[in-house]
Amino acid sequence: LMNLADYDWVGITSVMGSQAFVNRLKALGLGAEGAKKARIAAFKQDAIPLPQLGIEPDLIPEVSYPSVMVEDIARLGPTGAKVLVPVPEVHGIEEPFVIPEFINQLKDAGMVPHRIPVYATHATHDGNQWAVKMLQDGEIDVTLLTSSGEILSLLNMLDNAVTLFNQTTAAYMGGYTSKTGQKHGFNVDVVPEVFSMPGVVAALEAYFRGK
């Protein structure tokens, strides 16, 4: 971040990445002025921490898909833009496809992404016996998944017993998460049109009303 002027854009794809970006700017004493050395792209729900430092994103894609962010950045330019991408380090599970795909899409669009780890995602393997038992006993009505990492960690927790999960109504925060679920044999019952907590609650409500 001390060399932020070397970049054309910062591409923020998660609320944790956004918060880490703000925290580090604070720690370095850079503030909002430091952030203005590059343009900032963030999805609406991920931009929530930015006002803590008075930062307004230069780009909020209308659709919360990394491919849409890539298209918007390419359209706004410059050609061959250097893009700083704050992302998680993933431990204990394979890295979900979302970030590598985003990086590759930036490259394919002629840009130069620089990926930096700003927080860590750790899969949990212990302490979830009560949840597994509730699934086994059919006591869970809905399973809500908000990230691909959660799916991969859940698979580990269930020893790949996808049938336990598929006894519940499966709700996903967005299309990328549901795509990971489908890939691993999970049912996809509910995907909201608006990728937010209120959006997924409304989608669940509509789903059960329909039932």
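1. Let's start inside helix H6, where Ser 148, Gly 149, Ile 151, Leu 152, Ser 153, Leu 154, Leu 155 and Met 157 are buried (buried means under 20% relative accessible area, exposed over 50%, partly exposed in between, with a 1.4 Å probe and protein chains only). That is 8 of the 10 residues of H6 (residues 148-157), so the helix is largely enclosed by the rest of the structure. Helices (H or I, at least four residues) and strands (E, at least two) are DSSP runs, numbered from the N terminus.

2. Before you go on, note that this is a predicted model: local features need pLDDT of at least 70, side-chain atom pairs count only at pLDDT 80 or more, and totals for chains, interfaces and linings use all residues. Residues are numbered from 1 along each chain as its sequence is written, and side-chain values use heavy atoms, with hydrogens and water left out.

3. How confident is the predictor? The average pLDDT (confidence in each residue, from 0 to 100) is 90, and 100% of the residues score at least 70. Confidence is lowest in helix H2 (residues 31-35), with a mean of 85, and highest in S1, at 97.

4. What surrounds H6? Its buried residues pack against several elements, among them helix H4 (98-108), helix H5 (129-136) and strand S5 (142-145) (contact means heavy atoms within 4.5 Å). After H6 comes Asp 159, with a positive phi near 50°.

5. Helix H3 (residues 66-76) is worth a look too: Pro 66, Met 69, Val 70, Asp 72 and Ile 73 are buried there. Seen down the helix axis, they fall within an arc of 165°, so they line one face of H3 (the arc is that of the directions from the helix axis to the C-beta atoms). Exposed Glu 71 and Arg 75 sit on the face turned away from the buried side. The cover over the buried residues includes strand S1 (9-12) and strand S2 (39-42).

6. Now try finding Met 16, in helix H1 (residues 15-27). Met 16 is partly exposed, with a relative accessible area of 48%. Its C-alpha atom is separated by 8.6 Å from that of Val 87, 71 residues apart along the chain.

7. Finally, a word on H6 and the lining residues. Two elements that each supply at least two residues to the lining of the largest pocket are H4 and H6. In the second largest pocket, H6 gives the largest share of the lining, 5 residues. For both, a pocket is an open set of points on a 1 Å grid over the protein atoms alone, where a 1.4 Å probe fits, with protein on both sides within 12 Å along at least five of seven lines; lining residues have an atom within 4 Å of a point.

Definitions and conventions: pLDDT is the predictor's confidence in each residue, from 0 to 100.
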